[in-house]
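Visitor: Please take one part of this structure and look at it closely. Then show me how the rest connects to it.

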Amino acid sequence: MSDQESSFAADLVDAPLEAANPAPTRKRPKPGERRIQILQTLAAMLEQPGADRITTAALAAQMSISEAALYRHFASKAQMYEGLIEFIEQSVYSLAVQITGRDVPDPAKTVEQGIAQAHRVVTMVLQFGERNPGMVRVMLGDALQSENPRLQQRMQQFFERIETTLRQCLRTVPGADASATPTVDANVRSSVLMSFLIGRLQRFARSDFRRMPTEQLDSCLSLMAH
C-alpha cells in the first residue's frame with residue numbers, strides 16, 4: 001500500500017477500530033492509546049449517513065465509556081476535531097512536498113511538467129478523501145458547523161494552501177513553451193483545479209460516499225489540461 005492509499009486507522013494505530021470498544025477483560029490502555037481510539041471512533045462515526053453532527057454522548061456510548069472519560073483526554077470536542085484536522089494537514093502537506101520535491105515548488109520546469117505536477121497534487125488529495133471518508137466531512141466543514149469558527153477557518157486555510165501549491169506548480173520561467181502571462185495562467189488553472197477538487201469532495205459526501213471522487217479522474221484532468 002502506498003502512502004497515498006493509507007487511511008486514518010492504518011496510519012495511527014495497527015489495531016482495528018473495533019479495539020475502541022474493548023472487552024471487559026481488556027487491560028488498561030497504554031498512554032496515548034485511548035486518545036487515538038477516540039479520534040478513530042469519531043472518524044468512523046463521521047462516515048455514517050447523516051453524521052454531520054456527533055455529540056460527545058453519542059461518541060462515549062459508541063466506545064462504551066463515560067463522557068468524563070473522553071474529557072480526560074480532550075478538554076473539549078473542538079480539541080477532538082483539531083486532532084482530526086492535524087492528521088489531515090500532516091498527511092496531505094507531507095505528500096504534497098513529496099510530489100513537488102520541496103516546500104516551495106521549483107518554477108524552473110516546462111508547462112507540461114507543471115501541469116502534470118499539479119494534477120498529481122489534485123489526485124493525491126482526492127485519493128486521501130476517498131480512503132478517509134469521515135475526514136471529508138471535516139475538510140468540507142460539514143462536521144464543524146456547530147463547532148468553534150476557528151476550526152472552519154483552519155480548513156479554509158488548508159484549501160488555500162493547496163491552491164497556493166497548485167499555483168506554484170503551474171508557474172514556469174520564461175521560455176519557448178511558456179505563456180506570455182504565466183502568473184495569470186497559473187491563477188486561472190489553479191482556480192479551476194481547486195473548484196474541481198472541492199466539487200468532487202462535495203459530491204462524494206452528498207452521495208453518502210457512493211460517488212467516488214477519483215471516478216474518471218484521468219479523463220477529467222486531461223480535458224482541463226487544454
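Guide: Start with the length of helix α8. At 1.5 Å a residue, its 22 residues should span 32 Å. The end C-alpha atoms of α8 lie 32 Å apart, so expectation and model agree. The model is a predicted one.

Look next at the start of α8. There, a side-chain oxygen of N148 comes to within 3.0 Å of the backbone nitrogen of R150.

Now the buried residues of α8. They are L151, M155, F158, F159, I162, T165, L166, R167, C169 and L170. An α-helix has 3.6 residues a turn, so residues three or four places apart point the same way. Read the list with that spacing in mind.

Two packed helices are described by the angle between their axes and the distance between the axes. For α5 (residues 77–100) and α8 (residues 149–170), the axes come within 11 Å and cross at roughly 5 degrees. Angles under 35 degrees count as roughly parallel, so α5 is roughly parallel to α8. On the α8 side, the contact is made by R150, L151, R154, M155, Q157, F158, R161, I162, T165 and C169. On the α5 side, A78, Y81, E82, I85, E86, I88, E89, V92, Y93 and T100 contribute. By class, this contact of α5 with α8 holds 11 nonpolar, three polar and six charged residues.

A96 belongs to α5. Its relative accessibility is 7%; under 20% is the mark for buried, so A96 counts as buried. Along the chain, A96 and I162 are 66 residues apart, yet their C-alpha atoms are separated by 8.5 Å. I162 is itself among the buried residues of α8.

Helix α5 has another partner, α2 (residues 33–45). The axes of α2 and α5 come within 10 Å and cross at roughly 85 degrees. That angle makes α2 roughly perpendicular to α5. Here I38, L39, L42 and A43 of α2 meet M80, Y81, G83 and L84 of α5. The residues of this contact divide into seven nonpolar, one polar and no charged. Y81 is named in this contact, and Y81 is also named in the contact with α8.

Helix α2 passes the length check too. Its 13 residues should span 18 Å at 1.5 Å a residue, and its end C-alpha atoms are 18 Å apart, which agrees. Most of α2 is covered, with 11 of its 13 residues buried. These are E33, R34, Q37, I38, L39, Q40, T41, L42, A43, A44 and M45.

Follow the chain out of α2. L46 sits in the loop between α2 and α3. Its relative accessible area is 0%, so L46 is buried. Leaving out residues up to four places away in sequence, L46 touches A51, D52, I54, Y81, L84, G134, R137, V138, A143 and F209. Y81 and L84 on that list are also α5 residues in the contact with α2. L46 and M135 are 89 residues apart in sequence but 7.5 Å apart in space, C-alpha to C-alpha.

D142 lies between α7 (133–139) and α8. With 11% relative accessibility, D142 counts as buried. The C-alpha atoms of D142 and L46 are separated by 9.9 Å, though the two are 96 residues apart along the chain. Apart from neighbours within four places in sequence, D142 is in contact with D52, R137, A205 and R206. D52 and R137 are also touched by L46. With R206, the side chain of D142 forms a polar contact of 2.9 Å.

Now step back to the protein. Its secondary structure comes to 10 helices and zero strands. Buried residues make up 45% of its 226 residues. Among contacts between residues at least 6 apart in sequence, 71% join residues at least 24 apart.

Most residues other than glycine have a negative phi. S64 is not a glycine, but its phi is positive, about 60 degrees. S64 is in the loop between α3 (56–63) and α4 (67–71), and is exposed, with a relative accessible area of 53%. Q216 is not a glycine either, and has a positive phi of about 50 degrees. Q216 is found in the loop between α9 (182–206) and α10 (217–224). Its relative accessible area is 61%, so Q216 is exposed.

How values were computed. Residues are numbered from 1 along each chain as its sequence is written. This is a predicted model: local features need pLDDT of at least 70, side-chain atom pairs count only at pLDDT 80 or more; totals for chains, interfaces and linings use all residues. Side-chain values use heavy atoms; hydrogens and water are left out. Axes are lines fitted to C-alpha atoms, for helices over the stretch in contact, and angles run from 0 to 180 degrees between N-to-C directions. Helices (H or I, at least four residues) and strands (E, at least two) are DSSP runs, numbered from the N terminus. Angles under 35 degrees count as roughly parallel, over 145 as roughly antiparallel, 65 to 115 as roughly perpendicular and the rest as oblique. Contact means heavy atoms within 4.5 Å. Ala, Val, Leu, Ile, Met, Phe, Trp, Tyr, Cys and Pro count as nonpolar, Asp, Glu, Lys and Arg as charged, and the others, Gly among them, as polar. The expected span of a helix is 1.5 Å times one less than its number of residues. Buried means under 20% relative accessible area, exposed over 50%, partly exposed in between (1.4 Å probe, protein chains only). A polar contact is a pair of N or O atoms within 3.5 Å; within protein, one must be able to donate a hydrogen and the other to accept it, and residues adjacent in sequence count only if both atoms are side-chain atoms.
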